[in-house]
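Subject: Structure handover

Hi,

Here is the structure for your files. My notes on domains and interfaces follow below.

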Protein chains: 2
Amino acid sequence: MEYHIEGRDHNARAGVLGTDHGPIHSPAFMPVGTQASVKALSPRELVEIQTSVILCNTYHLYLRPGADVIRKSGGLHRFMGWDKPILTDSGGYQVFSLSALRKIEEEGVQFRSHVDGSVHRFTPESVVDIQRQLGSDIVMVLDECTPYPCTEEYARNSNDLTVRWATRSRSRFAGSGPLYQHNQSLFAIVQGSVYPEIRERSVRALIEMDFDGYGIGGLAVGEPADAMMEIVSLCAGLLPEEKPRYLMGVGTPANLLDGIERGIDLFDCVLPTRNGRNGMIFTRTGPINLMNARYKFDLSPIDEACGCYSCGHFTRAYLRHLFQTKEILGLRLATLHNLYYYQQLMRDARNAIMDARFAPWKEEQLQLLDRQESMYA
Amino acid sequence: MEYHIEGRDHNARAGVLGTDHGPIHSPAFMPVGTQASVKALSPRELVEIQTSVILCNTYHLYLRPGADVIRKSGGLHRFMGWDKPILTDSGGYQVFSLSALRKIEEEGVQFRSHVDGSVHRFTPESVVDIQRQLGSDIVMVLDECTPYPCTEEYARNSNDLTVRWATRSRSRFAGSGPLYQHNQSLFAIVQGSVYPEIRERSVRALIEMDFDGYGIGGLAVGEPADAMMEIVSLCAGLLPEEKPRYLMGVGTPANLLDGIERGIDLFDCVLPTRNGRNGMIFTRTGPINLMNARYKFDLSPIDEACGCYSCGHFTRAYLRHLFQTKEILGLRLATLHNLYYYQQLMRDARNAIMDARFAPWKEEQLQLLDRQESMYA
């Protein structure tokens with residue numbers, strides 16, 4: 001994978017990841033399209049809000065519709081009508097968060113499907129093979145995502161397994177080729193919970209294998225925000241400058257700015273989509289909840305400063321009505337706006353880095369947001 | 001209301017209804033936007049599929065968000081971001097089909113809201129007033145929609161009441177003016193169940209009052225299709241040539257063609273939207289259900305001959321997956337396709353009338369459809 005840094009401001013980087021489906025200008029936020037659909041949106045709407053990469057879930061797509069359907073369809077891009085880059089996660093996180101009766105062994109992990117209870121097994125090799133069939137631009141290795149809290153001993157043993165799995169993933173990936181007319185890249189995942197020593201051990205082992213990029217996993221799973229950012233700082237400081245870094249499953253707008261400041265390039269999170277479907281709207285001055293009675297007669301757009309379709313055509317009063325009456329259009333307009341907000345935040349962050357004014361710009365954003373993070377839960 | 005007939009083919013008519021929000025080329029199908037939203041679609045998608053008029057429900061909008069919110073928003077067009085014509089029904093049908101404890105009196109009808117059980121009353125006058133506040137282009141009078149079956153005596157008394165209510169509606173409408181910068185028209189509603197004598201009595205009483213157009217109500221409520229079309233023929237034969245005719249709540253593609261043949265100009269029905277949300281797709285060769293396992297690997301578009309966004313970008317296999325996994329995009333793509341199909345059917349019908357080849361064209365369509373009406377239920 002080609003990765004160029006186009007601008008730096010202290011630890012923050014403005015980069016470009018090259019893929020055969022086009023460039024990803026970083027820092028970048030990846031909307032989550034778990035089941036080959038970014039919930040409530042169409043591919044052309046994602047293009048309209050300048051989305052340059054999305055994330056899909058190996059675990060979900062393996063269960064439904066099955067890798068065979070996607071292979072027969074000519075890969076995930078064709079299947080879902082999306083011709084820009086796709087990153088697929090490895091299923092590690094989902095196996096540990098969604099499925100029942102998981103059993104971790106050296107060979108891999110056995111689990112029961114959350115859909116129908118059927119028993120399946122993922123190995124580092126099978127997960128690479130599935131992602132070859134999906135044809136994602138960026139493939140993630142199978143990892144064990146440690147819960148929070150977990151003991152230092154558990155975290156060390158778990159990370160050692162994740163590293164051994166990474167070795168096997170690397171070798172399966174090298175020994176196989178893409179099934180479609182485009183190249184794929186492989187990212188490893190740093191684990192180690194909140195223990196600096198284990199995180200360092202994880203990074204050092206993985207960079208020795210020279211992956212195309214590095215995910216930082218096992219965060220945003222319940223640990224305090226300060227602990228998360230300490231680990232991010234540590235990992236980013238140890239990871240090679242010339243490779244992209246991806247903070248998995250993070251986060252709020254403030255989290256993203258904190259991550260960018262520490263040298264993170266890629267993010268994904270369900271917050272803008274999931275919270276949008278609950279009527280929670282991100283604005284430059286903090287989140288609002290459209291179900292609130294105060295918006296009944298509010299004829300202003302969701303966010304005066306926003307350039308999205310929702311804000312350009314509809315009032316808060318109308319959106320509140322759509323949510324009150326459970327109209328699908330409400331979910332759509334809120335999701336579209338929230339993702340536009342996230343994409344705009346990333347574009348603004350990139351410009352601030354290029355202009356070497358990231359720190360003051362970030363401070364201004366945080367003051368505007370007033371850190372009303374409590375509403376995001 | 002201006003109404004011009006541009007072409008005739010036996011009883012079928014190709015017309016243009018003029019409104020201050022633009023022309024409606026008839027025959028026309030009105031997508032149903034019950035609660036100020038055509039379920040799952042955005043206004044720009046409705047424009048894309050060449051929708052020239054939609055229907056909204058007075059009953060639902062009166063309850064939520066309330067006429068006051070819509071008035072404060074500058075009318076229904078502005079509220080919902082739709083600047084083409086809107087017809088609002090009177091609420092008569094909904095009071096009789098959705099609400100509990102309705103009590104019909106000479107003055108009007110008392111009912112309990114299906115949302116919260118609160119008690120309300122509609123009178124012919126209040127329903128005109130509400131539609132003035134909504135600012136719909138076409139206003140419908142309050143009527144009693146008779147159930148099927150009902151006795152001849154019930155139908156006669158009910159229709160006499162509906163006619164008296166029409167007189168009061170006419171007079172309230174004439175004595176009031178529009179609240180926004182556009183004109184409104186008033187349509188009456190013919191009732192009389194399946195009894196020709198009462199239907200005739202209804203039509204004669206209503207045309208004497210000279211409305212802008214005439215709805216034919218109380219059909220598609222359970223009576224046999226033949227009985228429905230006999231009543232349609234009868235009413236269309238009695239209604240004035242120079243006024244638009246609207247067959248309310250109808251129907252399947254075959255129903256629409258049958259109605260057009262008998263001289264109907266306007267239709268509305270929830271079938272394309274509601275059935276679309278259940279995975280039922282209209283095609284030129286009859287309906288298909290996307291949940292069917294046979295489509296798991298089907299890489300063809302929903303309908304090869306269709307020009308809609310859904311058919312141009314996605315396979316049956318993908319749509320089936322979206323329905324299997326309950327993704328909102330499935331509801332959207334199916335609805336968009338179904339409404340496109342209905343709009344295209346109306347455009348084709350209009351062209352066939354203009355070219356004086358409606359009957360053979362209709363026969364060809366019905367043969368293609370194979371009258372697989374059983375799947376529409």
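Domain bounds here come from an automatic or database domain assignment. On that basis chain A splits into domain 1 (2–269) and domain 2 (276–376).

Some ground rules. This is a predicted model: local features need pLDDT of at least 70, side-chain atom pairs count only at pLDDT 80 or more, and totals for chains, interfaces and linings use all residues. Residues are numbered from 1 along each chain as its sequence is written, while chains are lettered from A and ligands numbered from 1 in the order in which they are written.

**Within chain A**

The C-alpha centres of domain 1 and domain 2 of chain A are 27 Å apart. Between them, 24 residues of domain 1 are in contact with 26 residues of domain 2 (contact: C-beta atoms, placed from the backbone, within 7 Å). On the domain 1 side, two or more residues each come from strand 1 (2–9), strand 2 (12–19), strand 4 (28–30) and helix 10 (253–261) of chain A. Helices (H or I, at least four residues) and strands (E, at least two) are DSSP runs, numbered from the N terminus. Helix 10 of chain A gives the largest share, 6 residues. By class, this side of domain 1 has 14 nonpolar, 5 polar and 5 charged residues. Nonpolar means Ala, Val, Leu, Ile, Met, Phe, Trp, Tyr, Cys and Pro; charged means Asp, Glu, Lys and Arg; the others, Gly among them, are polar.

**Between the chains**

Here 31 residues of chain B are in contact with 31 residues of chain A. On the chain B side, helix 13 (316–324) is among the elements giving two or more residues. Helix 13 of chain B makes the largest contribution, 5 residues. The chain B side divides into 15 nonpolar, 10 polar and 6 charged residues.

Best regards

Notes. Two residues are in contact if their C-beta atoms, placed from the backbone, lie within 7 Å.
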